[in-house]
Amino acid sequence: MSAVTITILMIITAYLAGSISSAILVCKLRGLPDPRTEGSGNPGATNVLRIGGASSAALVLFFDMLKGAAPSYCSYLLGQDAVSLGLIAIAACLGHIYPLFFNFQGGKGVATAFGAMAPIGGDLAAMLIITWLVFVIITRYSSLAAILTAILAPVYTWWLDERFVIPVAMLSLLIVIRHKDNIKRLRVGEESKLSRKKKQAN
């Protein structure tokens, strides 16, 4: 099987994996409202935190990262080059953003993108998580923290393992583009700050 064929198959696999919406499934399993119609309307970990609490959000975050990490790591083991790895990782993110199985209504793709970067090394994964947490604590804006972490990700990668700068930069650009509406709201002071809504007892 040629390298091009493997790349195409992995792109398709990554997109299908990304199309599995962790937020929607976790909310259904836990009897929570549909994240597409509650809170910010974004089916991602941050919105699940608002409507369902920390444990539900943690599950969503884990599985969103996993569906980015698994295709990327498998592709690396199959010997894919840097550009192909970037395309495969982007495919997983596009699956999350435009999920085939959920009427193409997805989230921002941040956790999936960071998950795709994580196999580069535990040190990079830790730096991304710490950077995001620090910016969230300082600003209370999840979107701003994601944007700033994405901008710094290629810098971290260049420092740790420059072979993967190109795919990480591709993912970072996708994250920033996906947050264009958040950037507009941040500029005019209309972006919602991160808050946790406690689940009300039935």
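Visitor: Leaving aside its neighbours within four places in sequence, which residues is L171 in contact with?
Guide: This is a predicted model, and in it L171 is among the residues with the most contacts inside the largest nonpolar core. Once neighbours within four places in sequence are set aside, the contacts of L171 are A89, I90, C93, A113, A116 and M117.

Visitor: How many residues does the largest nonpolar core have?
Guide: Besides L171, the residues with the most contacts inside this core include F114, M117, L128 and I175. In soluble globular proteins, nonpolar side chains tend to be buried together. Here the largest such core has 19 residues.

Visitor: Which element gives the largest share of this core?
Guide: Two or more residues come from each of α5 (82–97), α6 (110–117), α7 (122–139), α8 (142–160) and α9 (165–178). The largest share is five residues, and the element giving them is α6.

Visitor: How many residues are in the second, separate core?
Guide: Among the members of this separate core are V26, A45, A145 and L194. The residue count for that second core is 13.

Visitor: Let's turn to the open space. What is the volume of the largest pocket?
Guide: Rolling a probe the size of a water molecule over the atoms shows where empty space is left. For the largest pocket, the computed volume is about 1000 Å³.

Visitor: Which residues lie nearest the centre of the largest pocket?
Guide: The lining is made up of 47 residues. By class, 22 of them are nonpolar, 17 polar and eight charged. Nearest the centre lie A45, T46, N47, W132 and S142.

Visitor: Which element gives the most to the lining of the largest pocket?
Guide: Elements giving two or more residues to the lining are α3 (45–52), α4 (54–77), α6, α7, α8 and α10 (180–188). The top contribution is seven residues, and it comes from α7.

Visitor: Now for the backbone. What is the phi of N103?
Guide: N103 lies in the loop between α5 and α6. With 59% relative accessibility, over the 50% cut-off, N103 counts as exposed. N103 is not a glycine, yet its phi is positive, at about 55 degrees.

Visitor: Is I97 buried or exposed?
Guide: I97 belongs to helix α5. Not counting residues up to four places away in sequence, I97 touches F104, Q105, G106, G107, K108, G109, L174 and R178. Because its relative accessible area is 2%, under the 20% cut-off, I97 is buried.

Visitor: How far apart in space are I97 and K180, C-alpha to C-alpha?
Guide: Along the sequence, 83 residues separate I97 and K180. In space, C-alpha to C-alpha, the distance between I97 and K180 is 14 Å.

Visitor: Where does pLDDT stay under 50?
Guide: The chain averages a pLDDT of 89, and 96% of the residues score at least 70. Where pLDDT is low, the predicted coordinates should not be read in detail. One stretch, with two contacts beyond four places in sequence, stays under 50: residues 198–202.

Conventions. Residues numbered from 1 in each chain as written. Predicted model: local features only at pLDDT ≥ 70, side-chain atom pairs only at ≥ 80, totals over all residues. Heavy atoms only, no water. Core = buried A, V, L, I, M, F, W, Y, C linked by side-chain atoms within 4.5 Å. Buried < 20%, exposed > 50% of the residue type's maximum accessible area, 1.4 Å probe, protein only. Helix = DSSP H or I, 4+ residues; strand = E, 2+ residues; numbered from the N terminus. Contact = heavy atoms within 4.5 Å. 1 Å grid on protein atoms, 1.4 Å probe; cavity = no way out; pocket = protein on both sides within 12 Å on 5 of 7 lines; lining within 4 Å. Points joined across faces, edges and corners; volume = space filled by probe spheres on them. Nonpolar A, V, L, I, M, F, W, Y, C, P; charged D, E, K, R; others polar. pLDDT = per-residue confidence, 0-100.
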